[in-house]
Amino acid sequence: IEKPEQAEEVDTPRTKVTAKKKLSAYEQAIALRTEGKYEEAVAAFVEASKITTGLERERCLYQAASLSLSKLNNSQKAALLSQSYTAQYPKGFYTQDAYILQARAHMKGKEFEKARAVLMNYIDSYPHGSQQELAHLLLGKIFATTYSNCKAAVPHLEFVVADKPTGARAKQAQKILDYCKKKNP
């Protein structure tokens with residue numbers, strides 16, 4: 001008995017359209033994040049950062065740090081990944097954001113002295129940086145509420161109010177300034 005010949009799959013325009021495209025490591029990580037699989041997405045972003053290049057590599061490492069803090073609530077991992085980013089990319093696309101992310105991670109982990117040091121380093125390194133207002137606000141909060149040092153907090157908070165007097169951050173800064181005035185009339 002002869003076996004019937006199996007038809008060979010012919011590569012036609014139709015099969016090209018229906019064939020699934022293989023996702024890049026970065027795209028796989030994005031898909032996991034979109035599905036709400038944050039732990040797997042963080043791991044995928046870290047892995048993708050090891051095999052991708054250029055801005056995509058930077059983006060992967062920053063995304064891993066950001067998701068670690070925002071979705072996994074893992075301040076230690078977020079701080080380490082942010083620190084790794086700034087060490088690898090001192091002039092990278094996300095460097096300024098990574099400093100702020102690292103400081104927030106330390107604050108969330110109640111490591112206020114580490115957060116203060118990161119923020120001071122940011123302010124010194126980027127005197128005209130895009131995150132100056134936020135860095136000063138966070139420093140003002142740390143000095144006023146953690147260290148009960150309104151004298152050190154006031155210049156940072158006044159910077160925020162002077163920068164954008166009607167902004168949301170200025171309102172936060174003003175609340176802390178008002179607290180400091182009541183505490184030390």
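1. Phe112, Ala115, Arg116, Leu119, Met120, Tyr122 and Ile123 of α7 are in contact (heavy atoms within 4.5 Å) with Gln132, Ala135, His136, Leu138, Leu139, Ile142, Phe143 and Thr146 of α8. By class, the residues of this contact are 11 nonpolar, 3 polar and 1 charged. Here Ala, Val, Leu, Ile, Met, Phe, Trp, Tyr, Cys and Pro count as nonpolar, Asp, Glu, Lys and Arg as charged, and the others, Gly among them, as polar. The axes of α7 and α8 are 10 Å apart at an angle of about 145°, and the crossing is left-handed. Axes are lines fitted to C-alpha atoms, for helices over the stretch in contact, with angles from 0 to 180 degrees between N-to-C directions. A left-handed crossing has the near helix turned anticlockwise from the far one by less than a right angle; clockwise is right-handed.

2. The model is predicted: local features need pLDDT of at least 70 and side-chain atom pairs pLDDT 80 or more, while totals for chains, interfaces and linings use all residues. Residues are numbered from 1 along each chain as its sequence is written, and side-chain values use heavy atoms, with hydrogens and water left out.

3. The chain holds 10 helices and 0 strands. Helices (H or I, at least four residues) and strands (E, at least two) are DSSP runs numbered from the N terminus. Of the 185 residues, 38% are buried, that is, under 20% relative accessible area, with exposed over 50% and partly exposed in between (1.4 Å probe, protein chains only). Among contacts with a separation of 6 or more, 46% join residues 24 or more positions apart.

4. Helices α3 (residues 38–51) and α4 (residues 54–70) have axes that come within 8 Å and cross at roughly 155°. The crossing is left-handed. Residues of α3 in the contact include Tyr38, Val42 and Phe45, and those of α4 include Arg57, Leu61 and Leu67. The contact divides into 10 nonpolar, 3 polar and 2 charged residues.

5. Beyond four places in sequence, Tyr122 is in contact with Gln96, Tyr99, Ile100, Gly129, Ser130, Gln131, Gln132 and Ala135.

6. Ala44 belongs to α3 and is buried, at 17% relative accessible area. With residues up to four places away in sequence not counted, Ala44 touches Ala29 and Leu32. Its C-alpha atom is separated by 10.0 Å from that of Leu61, 17 residues apart along the chain.

7. Most residues other than glycine have a negative phi. Lys110, in the loop between α6 and α7, has a positive phi of about 60° and is exposed at 63% relative accessibility. Ser148, in the loop between α8 and α9, has a positive phi near 50° and is partly exposed at 43%.
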